[in-house]
Amino acid sequence: TDDIEKTINYSRICKSIAAILDKEYRLIETIAGSIAAEILNSFPATKVEICVKKPQALRIAEYTAVKVVRER
């Protein structure tokens, strides 16, 4: 529908992600899982796909990455 009340507030999602990233993590897998859980717990999403990239983690690659998909 074109009803703004039935959408997800992306500004709030960005603030939630910023709060998650304010903590220290050892693994990008943990970051991706935490972001996915926060979105599913706090917003009316039924499925999320999160990709976290870590630039310059390896000299032979532009970046390393992990992708998680979670559903309710």
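## A walk from the core to the loop

V48 is buried, with a relative accessible area of 7%; here buried means under 20% relative accessible area, exposed means over 50%, and partly exposed is in between, using a 1.4 Å probe and protein chains only. Before going on, keep in mind that this is a predicted model, where local features need pLDDT of at least 70, side-chain atom pairs count only at pLDDT 80 or more, and totals for chains, interfaces and linings use all residues. Residues are numbered from 1 along each chain as its sequence is written, and side-chain values use heavy atoms, with hydrogens and water left out.

Back to V48, which sits in strand β1. Helices (H or I, at least four residues) and strands (E, at least two) are DSSP runs, numbered from the N terminus. Leaving out residues up to four places away in sequence, V48 touches A36, I39, L40, V68, V69 and R70, where contact means heavy atoms within 4.5 Å. For a sense of distance, V48 and C14 are 34 residues apart in sequence, and their C-alpha atoms are 14 Å apart in space.

V48 also leads us to the largest nonpolar core. That core has 16 residues, and V48 is among the members that touch the most others, along with A32, I35, I39, I50 and V52. A nonpolar core, by the way, is a set of buried Ala, Val, Leu, Ile, Met, Phe, Trp, Tyr and Cys residues joined through side-chain atoms within 4.5 Å. Two or more residues each come from α1 (10-21), α2 (28-42), β1 (47-55) and β2 (63-71). Helix α2 gives the largest share, seven residues. As a general point, nonpolar side chains in soluble globular proteins tend to be buried together.

Setting aside its neighbours within four places in sequence, I39 is in contact with I13, A45, V48 and I50.

Now, how do the two helices sit against each other? The axes of α1 and α2 come within 10 Å and cross at roughly 140 degrees. These axes are lines fitted to C-alpha atoms, for helices over the stretch in contact, and the angles run from 0 to 180 degrees between N-to-C directions. That angle makes α1 oblique to α2, because angles under 35 degrees count as roughly parallel, over 145 as roughly antiparallel, 65 to 115 as roughly perpendicular and the rest as oblique. The crossing of α1 and α2 is right-handed; that is the word if the near helix is turned clockwise from the far one by less than a right angle, with left-handed if anticlockwise.

On the α1 side, the contact is made by R12, I13, S16, I17, I20 and L21, while α2 brings I31, S34, I35, E38, I39 and S42. Sorted by class, this contact has seven nonpolar, three polar and two charged residues. Ala, Val, Leu, Ile, Met, Phe, Trp, Tyr, Cys and Pro count as nonpolar, Asp, Glu, Lys and Arg as charged, and the others, Gly among them, as polar.

S16, in helix α1, is buried, with a relative accessible area of 17%. Apart from neighbours within four places in sequence, S16 is in contact with E38 and F43. E38, in helix α2, is partly exposed at 28% relative accessible area. With residues up to four places away not counted, E38 touches S16, I20 and F43.

Q56 is exposed, with a relative accessible area of 73%. Q56 has a positive phi of about 60 degrees although it is not a glycine. In general, most residues other than glycine have a negative phi. R59 lies in the loop between β1 and β2 too, and R59 is exposed, with a relative accessible area of 88%.

Last stop: N9, in the segment before α1. At 37% relative accessibility, N9 counts as partly exposed.
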